[in-house]
Amino acid sequence: MLNAFVSEWDIRSVIEWGCGDGHQLSLADYPEYLGIDISEKAVEICRKKFDKDPRKKFLLTRDFGDQTAELTLSLDVLFHLVAEEVYQGYMSKLFSSAERFVIIYSSNHEARFRKSRHVKLRKFTNWVHENTQDFSLFRTVEYQFPYDPNDIENTSFSDFYVFKRES
């Protein structure tokens, strides 16, 4: 889905907020990429994994300045942001660093998930509506294997939400 979107909209630059270990990135074809993560270990892994590709750069969250990209991504991150102030700051950076599009892969409803202290599901479209005047929901792409509690390895409670900056 992401590679097709980048191609369809001729996206030249991508910032991913929460790049993790780079596994998702290994499947991606982005002309220019900046991966940002709070984990020093994750950034170190990505720098080693992609050291031969000058189109890919990685930063710790604390080192992020005011870079922007045509597309910003948040993939499997939002529900791990259980502290309200962390969530608010993350969402602000995600949208303020986007020039044209934001894609979020997450659930979009309020709930605690499986009584985990490390997972908080949020209806993040409310945040977008209340905190941005220039982005609107452009497209939703449902994940092809909806959540099944009996098959958590192969299913997901998340979908893709694409937001577009209004001209």
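Trp 127 is buried, with a relative accessible area of 7%. This residue sits in helix α4 of a predicted model. The protein has four helices and nine strands, and buried residues make up 44% of its 167 residues.

- Why does Trp 127 count as buried? Its relative accessible area is 7%, and buried means under 20%, so Trp 127 falls in the buried class.
- With neighbours within four places in sequence left aside, Trp 127 is in contact with Tyr 87, Gln 88, Met 91, Ser 92, Phe 95 and Thr 132.

**Helices α3 and α4**

- Two packed helices are described by the angle between their axes and the distance between the axes.
- For α3 and α4 the angle is about 65 degrees, and the axes are 11 Å apart.
- The crossing of these two helices, α3 and α4, is right-handed.
- On the α3 side of the contact are Tyr 87, Gln 88, Met 91, Ser 92 and Phe 95, and on the α4 side are Phe 124, Trp 127 and Val 128.
- Six of the residues in this contact of α3 with α4 are nonpolar, two are polar and none is charged.

**Nonpolar cores**

- The largest nonpolar core has 24 residues, and those that touch the most other members are Met 91, Phe 95, Ile 104 and Phe 163.
- Two or more residues of this core come from each of β1, β2, α3 (84-96), β5 (98-106), α4 (124-131) and β9 (159-165).
- Which element gives the most to this core? It is α3, with five residues.
- Another core lies apart from it and has 23 residues, among them Cys 46, Phe 50, Leu 73 and Phe 101.
- Beyond neighbours within four places in sequence, Phe 95 is in contact with Val 102, Ile 104, Trp 127, Val 128, Thr 132, Phe 135, Phe 163 and Arg 165.

**Order of elements and the sheet**

- From the N terminus on, the elements run α-β-β-α-β-β-α-β-β-β-α-β-β.
- Seven strands form an open sheet in the order β3-β2-β1-β4-β5-β9-β8, and the pairing is mixed.
- Why is one side of β3 and of β8 (135-141) left without a neighbour in the sheet? Both strands stand at the edges, and each has a single partner strand.
- From one strand to the next, the twist averages 20 degrees.
- Among contacts between residues at least 6 apart in sequence, 66% join residues at least 24 apart.

**Strands one by one**

- In strand β1 (residues 14-17), Val 14 and Glu 16 point one way and Ile 15 and Trp 17 the other way, and all are buried.
- Strand β1 pairs in the parallel sense with strand β2 (residues 33-37) over four bridges, and Glu 16 stands opposite Gly 35 in β2.
- Strand β1 also pairs in the parallel sense with strand β4 (residues 69-75), over three bridges, and Leu 71 in β4 is the bridge partner of Val 14.
- The pairing of β2 and β3 is parallel too, over five bridges, with Asp 37 opposite Leu 60 in β3.
- Strand β3 (residues 56-60) is mostly covered, since four of its five residues are buried.
- Strands β8 and β9 pair in the antiparallel sense over six bridges, and Thr 140 stands opposite Tyr 161 in β9.

**Helices on the strands**

- Helix α2 (residues 40-49) lies across β2 and β3, and runs at about 165 degrees to β3.
- Helix α3 packs on the sheet and touches β1, β4, β5, β8 and β9.
- The direction of α3 makes about 135 degrees with that of β5.

Conventions:
Residues are numbered from 1 along each chain as its sequence is written. This is a predicted model: local features need pLDDT of at least 70, side-chain atom pairs count only at pLDDT 80 or more; totals for chains, interfaces and linings use all residues. Side-chain values use heavy atoms; hydrogens and water are left out. Buried means under 20% relative accessible area, exposed over 50%, partly exposed in between (1.4 Å probe, protein chains only). Two strands pair if DSSP finds at least two bridges between them. A nonpolar core is a set of buried Ala, Val, Leu, Ile, Met, Phe, Trp, Tyr and Cys residues joined through side-chain atoms within 4.5 Å. Contact means heavy atoms within 4.5 Å. Axes are lines fitted to C-alpha atoms, for helices over the stretch in contact, and angles run from 0 to 180 degrees between N-to-C directions. A crossing is left-handed if the near helix is turned anticlockwise from the far one by less than a right angle, and right-handed if clockwise. Ala, Val, Leu, Ile, Met, Phe, Trp, Tyr, Cys and Pro count as nonpolar, Asp, Glu, Lys and Arg as charged, and the others, Gly among them, as polar.
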